[in-house]
Amino acid sequence: MPVVVRPMSSAFAGEVFGIDCAAPLEAEDVAAIDAGMARHAVLVFRGQPLSDERQLAFTRQFGELERYATPGHIRKRDEERLDPGVADFSNLSRDGGLMTLDNRIWLFKLGDRLWHSDSSFRPVTAGYSLLSARAVPTRGGDTEFADMRAAYDALDDDTKAEIEDLVCEHSLIYSREAIGFFDLTAEEREHFRPVRHRLVRVDARTGRRSLFLSAHAGAIVGWTIPEARVFLRDLTEQATQPQFVYRHHWRVGDLVMWDNRTTMHRARRFDRNEVRDVRRTTLAGSSRGAGEE
Ligand SMILES: [Fe+2]
């Protein structure tokens, strides 16, 4: 039985049925999921408990994993809970206990509560991200996704013309400073110096334009910083109105796949005294199924 992708009635996302993500996929199933991603940009797979190895194997069927070096000050290698290739978005420290309030990683990752596109601060931005829920809090901790294609389509013609050729500067420093996290070393500031990406992207698969916004975007080439910041804030507000948003309420065993080139997302608040263990695998933006970079 081939996999089936069905649109959600209430949002732009799709849900995938008839699949076991822990088993190798047939080529036609990979193609059906890629086609579902091109159409929906966010796909939900319910009831898919995965080990890290299975999550990596599933992810690799859709392209090349993102690879980059993280400066040692954010999280030293010996502080990692998980193997390379699987990013830890939990509130657990290496010993399995809850992160404490003064944990630098916890504070740093609170930046994920702002609307963003994964790795927009890197020269090669992320393609698909896949987040697997291993443990979820009893309340809160949802993830919201916003459709940047629909948000673009809804802009008036004057705005579309104004932004067509704009280039933004993205840096992890911008999103961290936005939440008051200024505690960055000289090495981190050097590592995260701004990179440039076009504000309007054209998806080569569909021909659709989308807004490439992110909390990491903190400047527009040729604009003053204050003008750029208020403009980007306005655009983000417009682009994340409820009609463009899908809110995912996590259950253990959920896997959600999204395309960072055509969506933004943000994590929502939860009680930090409860465990939230979600793990992400990420494809580089030049992977198969990619739109224009
Ligand atoms: Fe993210």
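Student: Leaving aside its neighbours within four places in sequence, which residues is R279 in contact with?
Tutor: Keep in mind that this is a predicted model. With those neighbours set aside, R279 is in contact with D52, Q55, R81, L82, V86, A87, L130, L131, S132 and R134.

Student: And where does R279 lie?
Tutor: R279 is part of strand β15, which covers residues 277–284.

Student: Is R279 buried or exposed?
Tutor: Buried: its relative accessible area is 12%, and the cut-off for that class is under 20%.

Student: Which side chains does the side chain of R279 make a polar contact with?
Tutor: One is the side chain of D52, at 3.0 Å. Another is the side chain of D277, at 2.8 Å.

Student: Q55 was on that contact list too. Where is Q55 found?
Tutor: Q55 sits in helix α2, residues 52–60.

Student: What does Q55 touch, not counting residues up to four places away?
Tutor: Q55 touches L50, L130, S132, R134, R279, R280 and T281. For R279, the list likewise includes L130, S132 and R134.

Student: What polar contact does the side chain of Q55 make?
Tutor: The side chain of Q55 pairs with the side chain of R134, at 2.7 Å.

Student: How buried is Q55, in relative accessible area?
Tutor: The value for Q55 is 0%, so this residue counts as buried.

Student: Let's zoom out. How many helices and strands are there in the protein?
Tutor: The protein has eight helices and 15 strands. Its radius of gyration is 18 Å, close to the 19 Å from the globule rule for 293 residues, so the protein is as compact as a globular protein of that length.

Student: What does the C-alpha trace span along its principal axes?
Tutor: About 50 × 45 × 35 Å.

Student: What percentage of the residues is buried?
Tutor: Buried residues account for 54% of the 293.

Student: Of the contacts between residues at least 6 apart in sequence, what share joins residues at least 24 apart?
Tutor: That share is 82%.

Student: OK, on to A27. Is A27 buried or exposed?
Tutor: Exposed, with a relative accessible area of 63%. A27 belongs to helix α1.

Student: How far is the C-alpha atom of A27 from that of Q61?
Tutor: They are separated by 9.0 Å, while the two residues are 34 apart along the chain.

Student: What are the sequence and space separations for S93 and V124?
Tutor: S93 and V124 are 31 residues apart in sequence and 29 Å apart in space, going from C-alpha to C-alpha. S93 itself is in the loop between β4 (87–88) and α3.

Student: What does S93 touch, beyond residues up to four places away?
Tutor: S93 touches R81, L98 and M99. Its side chain also makes a polar contact of 2.7 Å with the side chain of D95. R81 is also one of the contacts of R279.

Student: Last one: where is I225 found, and what does I225 touch?
Tutor: I225 is in helix α8, residues 225–239. Not counting residues up to four places away, I225 touches G218 and A219. Its relative accessibility is 39%, so I225 counts as partly exposed.

Key
Residues numbered from 1 in each chain as written. Predicted model: local features only at pLDDT ≥ 70, side-chain atom pairs only at ≥ 80, totals over all residues. Heavy atoms only, no water. Helix = DSSP H or I, 4+ residues; strand = E, 2+ residues; numbered from the N terminus. Buried < 20%, exposed > 50% of the residue type's maximum accessible area, 1.4 Å probe, protein only. Polar contact = N/O pair within 3.5 Å; in protein donor to acceptor, adjacent residues only side chain to side chain. Contact = heavy atoms within 4.5 Å. Rg over C-alpha atoms; globule rule 2.2 N^0.38 Å.
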